[in-house]
Amino acid sequence: MAALIREHDWATTPLGPTEQWPGALRVALGMALASPRAIAVYWGHDFICLYNDAYRQLMGDKHPGALGRPAREVFPEAREVIGPMFRRVLETGQAAAEEQRLLPLERGGASLEGWFTYTAEPILDAEGNVVGILNPAAEVTQLIQERRGREQAEARGDDLAREIETQRRAAAAHRESDEHFRRIADAAPALLWVTAPSGACTFLSQSWYDFTGTAPGTGLGYGWLSAVHPEDRDEAEEIFITANARREPLQMTHRLQDARGGYRWVIDSGRPRYGAHGEFLGYVGAVIDVDEREAAQAALRQSEGRYAALFTAMDEGFCVVEVLFDEDERPTDYRFIEINPAFAEQTGLRDAQGRTARELVPDLEDDWFETYGRVAITGEPSRFELESAALNRWFDVYAFRVGARGARRVGILFRDVTQRRRDEAALEASAARAVLRARLADVLRTPGPRRAIQTASALLLGDHLGADRTIWGEIDEARQTITVDVEHMANGVSSSATGVYDLQAFGPRVLEALRSGAVIQYADLATEQRFSDRLRPSYLGLGVRAFVTVPVVRHGHVVAVLAAHQFEPREWQPEEIALIEETAERTWTAIERSDAERALRASEERFRRLADSMPQVVWTADDTGTVQYYNSRSAAYDGIVGHSDGTWEWEPVVHPDDLAKTLAAWDRAVETQTAYECEHRIRMADGTYRWHLSRAERGETQGIAHWYGTATDIHELMEANELKDRFLAIASHELRNPVAIIHGTAQQIRRARALGTLSEERFDRYIDSLVEISTHLANLTNDLTDVSRLQRGALPLSIESMDIASLLTDIATREEWAPRVRLEGTSEAVVIEADPHRVRQVISNLIDNALKYSPAEAPVSVDLRRDGVGVTIEVTDYGIGLSADDQRAIFTPFGRAANAGNIPGLGMGLFVAREVAERHGGELRAQSAGRGQGTTMRFWLPATQPLET
């Protein structure tokens with residue numbers, strides 16, 4: 001069975017893996033496996049079944065399925081007989097035995113009856129709790145049958161033969177049992193031993209020799225005593241000899257040497273064994289290693305000593321109670337089992353031990369019984385603070401179950417915290433006032449309308465006081481009125497006190513008292529003799545029984561009152577009245593500040609509206625130069641950063657090349673307190689930089705110095721100046737050459753005529769040259785005129801129906817262009833609405849540029865296509881090509897390709913051409929694969945009506 005138990009899959013059973021088994025189970029099972037008797041171990045409340053080889057014979061065909069299963073499943077047929085006996089042992093801890101008991105059993109699928117002698121002995125853990133049952137058993141069916149046979153044989157006179165046969169069988173069984181026992185004992189994990197009736201040891205398991213490190217056989221007789229610690233040896237020998245003489249069970253604790261040369265604490269226990277006829281055969285026993293347990297127990301004894309000292313000396317009250325339940329398992333009372341000296345001081349209860357809580361405090365609250373009852377049943381500890389009105393005390397309590405679950409005892413560690421709770425209540429009241437002040441400060445810190453401020457303060461004050469109604473009334477002494485239009489009412493209050501009241505109704509003494517700042521308070525209007533009989537019905541009609549009214553006085557006049565109403569009589573405490581006064585004063589001060597700030601904000605708002613209406617960026621800075629305001633125009637900038645403290649970081653928007661001079665100019669202005677002025681580039685929201693002129697002047701407002709500045713966009717002006725400079729440079733260059741040619745040609749004509757060499761042919765050649773140059777000058781003049789008109793928005797268009805195909809053919813077939821220009825695309829009429837003169841100007845410019853920027857004799861393609869919504873004229877050359885940057889630059893005034901070289905031109909033609917295209921609702925774009933790769937110019941014009949493609 002030892003091997004079968006080791007190989008069994010215990011992880012699938014309630015016991016879990018064997019390495020997790022408790023020590024008590026291991027010891028009990030070791031003793032069972034080592035015993036030649038039939039012994040089973042039934043573990044836990046479910047009586048999980050484990051057994052030795054001899055017990056296996058009793059199982060019959062229930063083996064091996066019985067291993068690890070509850071007893072109720074293994075022996076359902078004997079449950080009513082065995083079950084009550086096992087449960088009684090588990091509950092009481094008292095062993096039970098049955099001699100020659102008839103039990104119903106199922107074997108081989110049949111119900112049989114057998115006679116058994118068995119005991120149920122409790123298995124205890126280290127704390128003395130019953131955790132299982134040891135069940136030695138012997139089937140005596142055969143003995144009963146033999147006894148009956150003997151009785152019958154005696155009647156027949158054959159007693160002798162029967163006795164001989166019985167002895168023969170017993171001897172054979174003994175030999176077999178002895179051999180079987182030795183095999184099991186040597187394999188068992190416990191240290192097992194057997195003695196003869198004389199007390200001499202006749203057997204020690206191999207595990208005993210392995211544990212002690214001694215040679216086999218040396219422990220027989222009384223040799224085992226030599227392995228016992230010298231200090232324990234005499235006592236062990238005396239205990240053993242005395243028990244053997246009395247034939248009583250023995251148990252002794254001593255130190256036994258181990259194989260490493262040291263000593264370990266063990267429990268050495270044994271039971272007397274008897275033969276079939278009751279003769280004493282000696283002992284069978286086991287040695288269990290409890291060295292760790294002994295160390296723990298020593299620590300426990302030391303701890304218990306400390307506990308006893310602590311129990312007596314501790315300031316906290318402590319007691320152990322037994323919770324009492326009624327027949328429905330409801331906790332009804334508890335009895336004090338144990339109390340410490342501090343118990344009486346902490347509770348005020350005397351002579352409590354042995355008495356119940358209801359005896360001592362008849363009206364004790366039920367919460368105490370329910371709490372301790374729950375701890376006793378569930379075993380879950382509870383930590384809480386609870387008031388006992390019956391004892392007029394507060395207690396801080398920690399309750400926990402003591403002992404086994406069935407004992408229903410609870411340990412209670414507690415302290416009287418009544419004074420602390422009273423102090424905390426006072427502290428909480430003070431803290432509540434502090435919270436009110438903090439919340440009121442938060443409300444009053446934010447400017448707002450007067451009514452909103454009054455409403456917020458009335459709500460906070462009313463909730464804090466628990467008042468039924470809190471009101472604000474504003475007083476107009478000139479009109480002799482008090483207006484109540486702000487009130488806070490507690491839940492359930494429906495009657496309103498709002499309205500306009502006549503001050504004279506309150507009498508001159510009340511008004512005079514309020515003017516002096518006196519507080520008016522009453523605890524109960526129904527009985528207060530000092531209160532006006534004329535006003536009493538009005539107040540009582542509003543439900544008011546008690547009130548406090550606090551005035552707000554400014555310059556000798558009462559301007560407002562703050563009042564708290566109560567619908568039940570109330571004695572107003574001095575700290576409450578002081579809090580109402582403080583709230584009234586702080587609230588009205590906040591109202592005055594809010595009115596001033598609102599006026600200031602109105603002024604600032606006017607300034608902001610004015611600033612936002614200006615085309616410039618407007619900003620202000622403090623006297624140190626830290627910018628604190630920008631108008632809405634600053635949104636056009638990229639990089640102005642606003643901080644939570646209201647300041648702005650503007651340096652990132654200034655062009656890096658201009659930042660140094662900007663900072664120097666600003667620092668100089670701040671240092672010298674003179675006007676600031678600087679021209680610099682500022683980054684815009686689209687990432688581009690534009691030139692601005694920034695100026696600032698220093699001024700004072702209400703004694704506070706500030707800088708007031710603007711940033712004006714001067715980019716167009718700077719560009720215009722730059723264009724002017726470029727124009728003058730280009731124009732002087734472009735005009736100088738034609739004028740020089742004209743002048744030179746005129747000089748040649750004059751010289752030839754003077755020499756008489758001016759032939760008609762030569763004269764015509766000079767005239768042609770002058771016409772060509774003058775035509776070029778006329779074109780330059782026209783381009784400049786068109787640019788001027790474009791910049792003024794005055795370029796005229798004469799829109800009419802025109803055949804773009806016919807116009808294109810006329811232009812492309814000009815005599816001087818015809819050899820190099822290839823006209824492609826449609827030749828059918830394509831009618832659009834446009835200015836024929838301007839369209840001719842654009843197309844001519846595109847073809848002229850294509851020829852001018854292409855190698856000599858290189859062809860130029862001109863293509864006309866329709867797309868249903870317009871027409872596209874593409875002019876493609878195979879000339880110098882354009883970079884990506886040049887594809888944008890050539891459409892700007894004076895813009896020319898970087899690789900144009902010395903090819904003449906002002907750079908105005910394409911600028912005018914794109915403007916003409918866009919004013920027709922069309923577009924003009926350049927496309928090139930790069931320098932040296934040629935260029936395609938796409939000129940698209942919309943059609944007024946859909947065109948067929």
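This is a predicted model: local features need pLDDT of at least 70, side-chain atom pairs count only at pLDDT 80 or more; totals for chains, interfaces and linings use all residues.
Contact here means heavy atoms within 4.5 Å.

Start by selecting Tyr 51. Leaving aside residues up to four places away in sequence, Tyr 51 touches Met 1, Ile 5, Leu 33, Ile 39, Ala 40, Arg 56, Met 59, His 63, Pro 64, Ala 66 and Leu 67.

Next, jump to helix H13, residues 366-378. Its 13 residues reach 18 Å from first C-alpha to last, close to the 18 Å expected at 1.5 Å a residue. Which residues of H13 are buried? Colour Trp 368, Phe 369, Thr 371, Tyr 372, Gly 373, Val 375 and Ala 376. Then show what they pack against: strands E11 (317-325), E12 (331-339), E13 (382-388), E14 (393-402) and E15 (409-416), plus helix H12 (357-360). Step off the end of H13 and you land on Gly 379, with a positive phi near 80°.

Last stop: the open sheet of six strands, ordered E18-E17-E16-E21-E20-E19 with antiparallel pairing. At the edges, E18 (499-502) and E19 (520-522) each pair on one side only. From one strand to the next, the twist averages 20°. Zoom in on E16 (residues 469-476) and E17 (residues 481-489), an antiparallel pair with eight bridges. Click Arg 469, and opposite you'll find Met 489 in E17.

Methods. Residues are numbered from 1 along each chain as its sequence is written. Side-chain values use heavy atoms; hydrogens and water are left out. Two strands pair if DSSP finds at least two bridges between them. Helices (H or I, at least four residues) and strands (E, at least two) are DSSP runs, numbered from the N terminus. Axes are lines fitted to C-alpha atoms, for helices over the stretch in contact, and angles run from 0 to 180 degrees between N-to-C directions. The expected span of a helix is 1.5 Å times one less than its number of residues. Buried means under 20% relative accessible area, exposed over 50%, partly exposed in between (1.4 Å probe, protein chains only).
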